[in-house]
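Subject: Handing over the model

Hi,

Here is the structure I promised to pass on. Have a look through it first, and then read my notes below.

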Amino acid sequence: MSGFEANPFADPVDINPFQDPSVTQLTQGNKEGIEDFNPFSENTRLTPTLGTTVPAAQKTPSQPAILQPTVEPSPQATASAAQLALLRQQEELEKKAAELDRKEQELNENYNPKRNNWPPFPAFCPIKPCFYQDFSGEIPAGLQTVVKMLYYLWMFHSFTLFLNLLACLAEFIVKPEYGVDFGLAILWFLLFTPCAFICWYRPIYKAFRSDSSFNFFFFFFVFFCQIILYIIQTVGIPKWGVSGWIAALSWISSNIAVAVIMMVVAAFFTLCSVLSLVLLQRVHSIFRRTGASFQRAQEEFSQDFFANRTVRNAATSAATAAAQNSFQGN
């Protein structure tokens, strides 16, 4: 009811807007901030006070975007880039292969439990052994006898070739026109002695060592040719550089000493032929019991062929040359 008792015609009461509590509190707070402000303090110079505004950085006017036209590479450029990438990969692979070969060689030099021991050259000789041979360590017990007999056959063959050289030398001393026989005898001794060891003795040694079908077939082929050669040397065709029976009998009427020497050599060639036939039969009987086959020999040959480092290097060189030629042609 007091609201109705107020006089509407009375003078309005003077209202001071600064007497409002919110305004009074704000003005008092600013006053305290101004009183505490020290313009000579270090913090005041480094940091801005409240109420100050930092002008925003002026933005540089942006330039309009320019659309670059897209150019598609030609097929030749794409092919050239692909070939360059292949050549780089090939070079990297070759470097890695060379590094692996070097490390493998270092490891083999540092650790080689099976050092070559044949031929048994003395330590002061500059020529080092080329093969490793150990009958008791690498050949099974039941096959060592056959392998040793083949080894002794090779030694007997080499000794016979040396006697044949001496017999042809005796011919040449008695009759100088037989110098051709002496020259051929030297050639047969220097040629057949290492070739027989490498071409038929080492293959049969490796065949018995690792039961290799490929080495068995290789031995049979070369040893059969060797037997034919033994028979020709036993016959002794004149002017062929061999002291066989025909050549020895032809000297009976002219010089008995030369004839006797040549007959001894002819007997040695005959013994080589007989021993070769016997050992060939024994090796063939062992071969039939091993279960080897021609298909297995082909598989072993393909594996050894592609695993050979020389073959891999040759294939890599051929592929690199073909890629370079193709790159130059484009």
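Let me start with a definition: rings of Phe, Tyr and Trp (for Trp, its six-membered ring) make a pair if their centres lie within 6.5 Å, and a pair is called stacked if the planes are under 30 degrees apart, edge-to-face if over 60, and tilted otherwise. By that rule the count here is 27 aromatic pairs. Ring pairs also join Trp118, Phe131, Phe135, Tyr151, Tyr152, Trp154, Phe197, Tyr201 and Tyr205 into a cluster.

Before going on, some housekeeping. This is a predicted model, in which local features need pLDDT of at least 70 and side-chain atom pairs count only at pLDDT 80 or more, while totals for chains, interfaces and linings use all residues. Residues are numbered from 1 along each chain as its sequence is written, and side-chain values use heavy atoms, with hydrogens and water left out.

Now the overall picture. The protein has 12 helices and zero strands, where helices (H or I, at least four residues) and strands (E, at least two) are DSSP runs numbered from the N terminus. Of its 330 residues, 26% are buried; buried means under 20% relative accessible area, exposed means over 50%, and partly exposed is in between (1.4 Å probe, protein chains only). A contact means heavy atoms within 4.5 Å. Among the contacts with a separation of 6 or more, 64% are between residues 24 or more positions apart.

The UniProt record (an unreviewed entry) puts "transmembrane region" at residues 151-174, 180-201, 213-232 and 252-280. Its positions are given in the numbering used here, feature names are shortened, and annotations may be inferred rather than shown by experiment. In the model, residues 151-174 are 100% helix and 0% strand, with end C-alpha atoms 35 Å apart. For residues 252-280 the figures are 86% helix and 0% strand, and the end C-alpha atoms lie 35 Å apart.

Next, a few helices. Helix 6 covers residues 144-174 and includes Ser158. Is Ser158 buried or exposed? Ser158 is buried, because its relative accessible area is 11%. Leaving aside residues up to four places away in sequence, Ser158 touches Phe189 and Thr193.

The expected span is 1.5 Å times one less than the number of residues. Helix 7 does bend, by about 35 degrees at Tyr201, with a proline, Pro203, following within four residues. That bend is the angle between axes fitted to the seven residues ending at a residue and the seven starting there. Tyr201 is also one of the residues in the aromatic cluster.

Helix 8 has 23 residues and reaches 33 Å from its first C-alpha to its last, close to the 33 Å expected. Its buried residues include Phe216, Phe219, Phe220, Phe223 and Tyr230. Gly236 follows helix 8 and has a positive phi, near 75 degrees.

Some backbone details are worth a look too. Most residues other than glycine have a negative phi, and most peptide bonds are trans. Asp211 is not a glycine, yet has a positive phi of about 55 degrees. Asp211 sits in the loop between helix 7 (179-210) and helix 8 (213-235), and counts as partly exposed because its relative accessible area is 29%. Lys239, also not a glycine, has a positive phi of about 65 degrees. You will find Lys239 in the loop between helix 8 and helix 9 (245-249); its relative accessibility is 42%, so it counts as partly exposed. As for peptide bonds, a cis one joins Trp118 and Pro119, with omega about -5 degrees. Pro119 lies in the loop between helix 4 (75-110) and helix 5 (135-138).

Which ring does the charged end of Lys239 sit over? The ring of Tyr178, 4.2 Å from its centre. Lys175 likewise lies over the face of Trp251, at 5.1 Å from the ring centre. The rule for a charge over a ring is that NZ of Lys or CZ of Arg is within 6 Å of the ring centre and within 35 degrees of the ring normal.

Finally, Thr290 is in helix 10 (residues 256-290) and is partly exposed, at a relative accessible area of 27%. Thr290 and Ser212 are 78 residues apart along the chain, with their C-alpha atoms separated by 9.6 Å.

Cheers
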